[in-house]
Amino acid sequence: MAQLLSTSCSLKIPSCRKPFFQPLNQGPIAFPTSFTVEISKSPVHRVVLPGKGPRRSCTVYATSTPIRQEVPTQSHSGLHQSSNDPAKPKRVMVIGGDGYCGWATALHLSNKGYEVAIVDSLIRRLFDHQLGLDSLTPITSIHNRLRVWKSLTGKTIELYIGDICDFEFLAETFKSFEPDSVVHFGEQRSAPYSMIDRSRAVFTQNNNVIGTLNVLFAIKEFREQCHLVKLGTMGEYGTPNIDIEEGYITITHNGRTDTLPYPKQASSFYHLSKVHDSHNIAFTCKAWGIRATDLNQGVVYGVRTDETAMHEELCNRLDYDAVFGTALNRFCVQAAVGHPLTVYGKGGQTRGYLDIRDTVQCVELAIANPAKAGEFRVFNQFTEQFSVNQLAALVTKAGEKLGLDVETISVPNPRVEAEEHYYNAKHTKLIELGLKPHLLSDSLLDSLLNFAIQFKDRVDSKQIMPSVSWKKIGAKPKTVAA
Ligand SMILES: O=c1ccn([C@@H]2O[C@H](COP(=O)(O)OP(=O)(O)O[C@H]3O[C@H](CS(=O)(=O)O)[C@@H](O)[C@H](O)[C@H]3O)[C@@H](O)[C@H]2O)c(=O)[nH]1
């Protein structure tokens with residue numbers, strides 16, 4: 001038991017907000033709206049409840065104290081809204097809000113007037129340390145990022161550092177923040193990472209599938225009207241020889257017709273983890289009435305958004321290495337440092353792509369137009385299709401305009417995937433909701449290339465060639481990179 005200091009303070013909690021303390025080893029206690037807390041040095045504190053009678057004190061454990069340490073005030077609670085009061089700002093929890101898409105999204109939503117909390121374990125930064133990788137762009141700590149955001153805009157983003165696979169932690173964040181929407185980016189998102197070795201494959205599926213299951217249980221237990229906006233992937237569909245629909249396909253078989261989930265053919269343990277997530281979410285929508293949107297996102301490119309461009313300490317990460325870097329971002333960095341563009345195999349691999357400015361727009365549209373209770377909505381989130389060869393040609397042309405001599409090589413494909421195939425995926429639902437796409441233009445390529453040139457001294461060329469093989473993965477722990 002922690003040693004209690006003499007310090008104590010009286011708290012008044014607005015009646016519509018529950019205190020963020022959890023009684024330790026005790027059953028639920030109906031907390032009054034004012035009580036005294038004896039503060040200890042550890043996260044374990046003693047709460048003294050007013051009045052007489054049994055259980056007038058209990059020990060509490062502050063597992064998920066928001067970074068903003070002050071006690072919630074009346075005005076903060078005034079911003080709190082229930083899902084049926086559209087006039088008030090909505091409360092959005094961004095899980096994975098320190099990552100590439102999550103950081104840009106958290107700032108965008110905060111800028112648009114949403115009350116935002118970031119939940120993140122910071123494990124993405126640990127992967128870099130473990131594999132000897134680094135973002136092309138220097139990024140500052142999450143704490144600095146949020147301080148700078150507050151000083152520039154006056155807006156507070158709450159921060160909960162922890163692992164959503166730890167349900168007690170996640171439960172506390174839900175009880176404390178009371179989200180109206182949860183945007184879930186908090187997954188291990190690299191296909192090559194999941195194919196390094198057995199332990200990375202197991203980690204990816206455990207982290208992603210259990211994390212999402214916990215989010216579903218947290219919504220059911222604590223916030224049943226909360227809308228789950230889950231980042232899925234276009235890679236769930238694979239590359240079938242027919243058009244890809246948005247989530248569902250109507251099939252007539254032996255004279256009977258039904259609309260069924262579109263077949264899934266993922267091609268890495270990472271992409272498979274998203275398939276498993278989709279099944280769990282679909283089931284809980286049916287069984288418990290959860291409202292959910294699965295955003296099957298394509299490959300994201302770009303680095304700047306309106307918000308991350310506001311200050312150098314808000315700068316987003318940009319990965320160019322063979323584990324976390326995605327195709328177009330990698331090609332721009334390769335062109336900037338004079339490395340040949342690394343087309344894997346024949347280069348006919350075609351995928352849906354989108355600008356990171358459209359990622360943040362799509363998430364905002366999904367939140368503003370929530371799924372109905374019990375509905376499992378699927379949106380294909382990309383704006384244009386390109387083959388890898390087409391991307392290489394575009395970067396070559398844009399590089400030449402900037403005086404760069406850009407070469408392309410065919411690298412033996414480290415993945416198991418079709419290198420020439422049919423690809424035609426629908427992506428109309430987000431456009432119908434109002435998405436105004438930023439299509440890949442010469443000016444975007446120029447600015448991405450210039451960005452890469454600006455930071456080219458930070459590039460470690462040893463991280464460019466792929467070193468993870470889909471066929472050679474084994475049980476033996478492997479250290480990739482230099
Ligand atoms: O240097 C490279 C890098 C990639 N590729 C090829 O480009 C295609 C896309 O690869 P990628 O590394 O850009 O993207 P991927 O591994 O599919 O994963 C990324 O894009 C996915 C969307 S999608 O591809 O499944 O639609 C997201 O889910 C993931 O989180 C994100 O890391 C693949 O055919 C790959 O073989 C190359 O030819 N050369």
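In which loop is Gln188 found? Select Gln188 in this predicted model: the residue sits in the loop between strand E9 (181-184) and helix H6 (191-194). Gln188 counts as buried because its relative accessible area is 1%, and the cut-off for buried is under 20%. Now show the side chain of Gln188, which reaches the backbone nitrogen of Ser190 at 2.7 Å.

**The ligand and its shell**

Next, select the ligand. It is surrounded by 23 residues, and the closest of them are Arg189, Tyr270, Ala327, Thr342 and Glu417. Colour this shell by residue class: it has nine nonpolar, nine polar and five charged residues. Helix H8 (269-288), helix H9 (327-337) and strand E15 (341-344) each contribute at least two residues to the shell.

Select Thr233, where a polar side-chain atom lies 2.7 Å from an oxygen atom of the ligand. Move to Arg330, where an N or O atom in the side chain is 2.9 Å from an oxygen atom of the ligand. Finish with Glu417, where a polar side-chain atom is 2.6 Å from an oxygen atom of the ligand. How much of the 730 Å² that the ligand exposes when taken alone does the protein bury? The protein buries 95% of that area.

**From Glu417 to Gln349**

The side chains of Gln349 and Glu417 are joined by a polar contact of 2.9 Å. Gln349 itself is in the loop between E15 and strand E16 (350-355). Is Gln349 buried or exposed? Gln349 counts as buried, because its relative accessibility is 3%.

**Cavities**

Rolling a probe the size of a water molecule over the atoms shows where empty space is left. There are four cavities of 30 Å³ or more.

To find the largest cavity, select Pro192, Ala322, Val323, Tyr344, Pro414, Arg415, Pro466, Ser467, Val468 and Trp470, which line it. This cavity holds about 60 Å³ of space. Its lining has eight nonpolar, one polar and one charged residues.

For the second largest cavity, select Tyr100, Arg189, Asp319, Phe324, Gly325, Thr326 and Asn329. The volume here is about 40 Å³. By class, its lining divides into two nonpolar, three polar and two charged residues. Arg189, part of this lining, is also one of the closest residues to the ligand.

**Two positive phi values**

The last stops concern the backbone. Most residues other than glycine have a negative phi, and most peptide bonds are trans. Select Glu178, which has a positive phi near 50°. Glu178 lies in the loop between helix H5 (167-177) and E9. Then select Asn254, where phi is also positive and near 50°. Its place is in the loop between strand E11 (248-253) and strand E12 (256-261).

Asn254 is exposed, with a relative accessible area of 71%.

Note on methods:
Residues are numbered from 1 along each chain as its sequence is written. This is a predicted model: local features need pLDDT of at least 70, side-chain atom pairs count only at pLDDT 80 or more; totals for chains, interfaces and linings use all residues. Side-chain values use heavy atoms; hydrogens and water are left out. On a 1 Å grid over the protein atoms alone, a cavity is a set of points where a 1.4 Å probe fits but cannot get out, and a pocket is an open set with protein on both sides within 12 Å along at least five of seven lines; lining residues have an atom within 4 Å of a point. Grid points are joined across faces, edges and corners, and a volume is the space filled by probe spheres set on the points. Ala, Val, Leu, Ile, Met, Phe, Trp, Tyr, Cys and Pro count as nonpolar, Asp, Glu, Lys and Arg as charged, and the others, Gly among them, as polar. A residue is near a molecule or strand if one of its heavy atoms lies within 4 Å of it. A polar contact is a pair of N or O atoms within 3.5 Å; within protein, one must be able to donate a hydrogen and the other to accept it, and residues adjacent in sequence count only if both atoms are side-chain atoms. Accessible areas come from the Shrake-Rupley method with a 1.4 Å probe; for residues, only the protein chains shown count as cover. Helices (H or I, at least four residues) and strands (E, at least two) are DSSP runs, numbered from the N terminus. Buried means under 20% relative accessible area, exposed over 50%, partly exposed in between (1.4 Å probe, protein chains only).
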